[in-house]
Amino acid sequence: MSVATLLLLADGRFPAGGHAHSGGVEAAVRAGRVQDAASLEEFCRSRLHTAGLTSAALASAAAAGHDPLALDEAADARTPSPALRRTARRLGRQLMRAARATWPDPELDALAAARPKGAHQPVVLGLVARSAGLGPLEAAHAAAYESVGGAATAAVRLLGLDPLDATAVLARLAAETDEVARQAEAASSKAVEDLPAASAPLLEITAEQHATWSVRLFAS
Amino acid sequence: MHLDHTDTIHPERHSASAARPDGSRRALRVGLGGPVGSGKTATVAALCRTLRDRLSLAVVTNDIYTREDAAFLLREAVLPPERITAVETGACPHTAIRDDISANLEAVEDLEEDIGPLDVVLVESGGDNLTATFSKGLVDVQIFVIDVAGGDDIPRKGGPGVTTADLLVVNKTDLAPYVGSDLAGMARDAQEQRGELPVLFQSLRGEPGVGPVADWVREQLSAWTATAVLPA
């Protein structure tokens, strides 16, 4: 396992489209639920233990060699909001494009051919990790970290939050992020239907509302 | 089958290859960038009206936080709605055209897959600053649009857009007398910054209109058609 490869994959600058998405923070800011570093931390913690855990388990299972198409259906079943399903597939497609250029692999080609409009991003992330020579735990780490990293960056842009405070939020969540990744990896050898299905209903509901806004900074 | 299945097949590519999946040549991609309010959308609209009778066109807009630009082009009916796509940029228009071009590439490719062979796709950046340029992975040639009312010192200040764009358009020349802009000085400064690269002065309110810029796009298309290398 190459640590540098994991850092590259988890880097927010990896060109896979994430910069245009807030992970639900934009809707939470509008509703007044996220307004400072403390409320951002609570938002990120909730996201990590719900959507983050579910994503990390899907990514970990894909990296472990589960059938990505079965995992893609499992991701559908775990994502009630059509807007979030669209977002997940769009980001999966964008990640697939970047990964096929950086870590070419027939397994990626096969999933791209089977899901030309994009598979769910966590599934793609796990398969990309596999193609890059990373294991199920590393895939889970990347997914868990990403589930909060993008949200914190978006909060900086939306609130004019001090970027140092937002980064400190992520640092305080580091131990929990690692723990979620370990839980996800531990679950990844289970049958697909037994993978974690934690969800945050408010994220699903506000994603649907956000998708109807005519003025917004982020695509989701 | 997943829940949001679509039957349309969009073969994926990850490079700026000149070939489409069926082996045919893809459209020429022209980027239009420049500061807010310099007339990028108006130029795109005028180009569409001038070129649409002879060429198959499509437009991708990169609005910063609304769908205003796409909505304007739709309202003006410069092209049928299926030929206009808006990309959302997460408050960073330059990121979407330079650092992480994946959403724009998808928009361009989807237009070509859905509509069929296109001659030219115009990719309009959201209004940004003087450093914003397009990635060569996204567009083949780029136009940087500034205007005389934004300050006649912009060509002198240079920056990547003014200095390196394949075409610099100085727009709204009709306003020059009212804002005290020195067009001759702008032309001199622009040439100093750009050397041999072309500069066109444009007023969409009168003559010569978008004609010279449209001619430049036609020349680029001819060059693209003659030289774009397709895999054997």
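Leaving aside neighbours within four places in sequence, A:Leu95 is in contact with A:Phe14, A:Ala16, A:Gln121, A:Val124, A:Leu125 and A:Val128, where contact means heavy atoms within 4.5 Å. The model is predicted, so local features need pLDDT of at least 70 and side-chain atom pairs count only at pLDDT 80 or more, while totals for chains, interfaces and linings use all residues. Residues are numbered from 1 along each chain as its sequence is written, chains are lettered from A and ligands numbered from 1 in the order in which they are written, and side-chain values use heavy atoms, with hydrogens and water left out.

A:Leu95 is also one of the residues that touch the most other members of the largest nonpolar core, which has 53 residues. Others in that group include A:Leu9, A:Phe43 and A:Trp103. Helix 3 (residues 37–64) of chain A gives the most to this core, with ten residues. Apart from it lies another core, of 33 residues, among them B:Cys48, B:Leu57, B:Leu73 and B:Leu167. A nonpolar core is a set of buried Ala, Val, Leu, Ile, Met, Phe, Trp, Tyr and Cys residues joined through side-chain atoms within 4.5 Å. Buried means under 20% relative accessible area, exposed over 50%, and partly exposed in between (1.4 Å probe, protein chains only). Helices (H or I, at least four residues) and strands (E, at least two) are DSSP runs, numbered from the N terminus.

Over all chains, the whole structure holds 23 salt bridges, each a side-chain nitrogen of Lys or Arg within 4 Å of a carboxyl oxygen of Asp or Glu. Three of them are listed here.

| Salt bridge | N to O distance |
|---|---|
| A:Glu176 and A:Arg45 | 2.9 Å |
| A:Arg115 and A:Asp72 | 2.7 Å |
| A:Arg216 and B:Glu88 | 2.5 Å |

The pair of A:Glu176 in helix 10 and A:Arg45 in helix 3 links parts of chain A that are 131 residues apart. A:Glu176 is partly exposed, at 24% relative accessible area.

A:Arg115 lies in the loop between helix 6 (106–114) and helix 7 (121–131) of chain A and A:Asp72 in helix 4 (residues 68–77), so their bridge ties together parts 43 residues apart in sequence. A:Arg115 is buried at 8%, and A:Asp72 is buried at 0%.

A:Arg216 is buried at 7%, whereas B:Glu88 is partly exposed at 23%.
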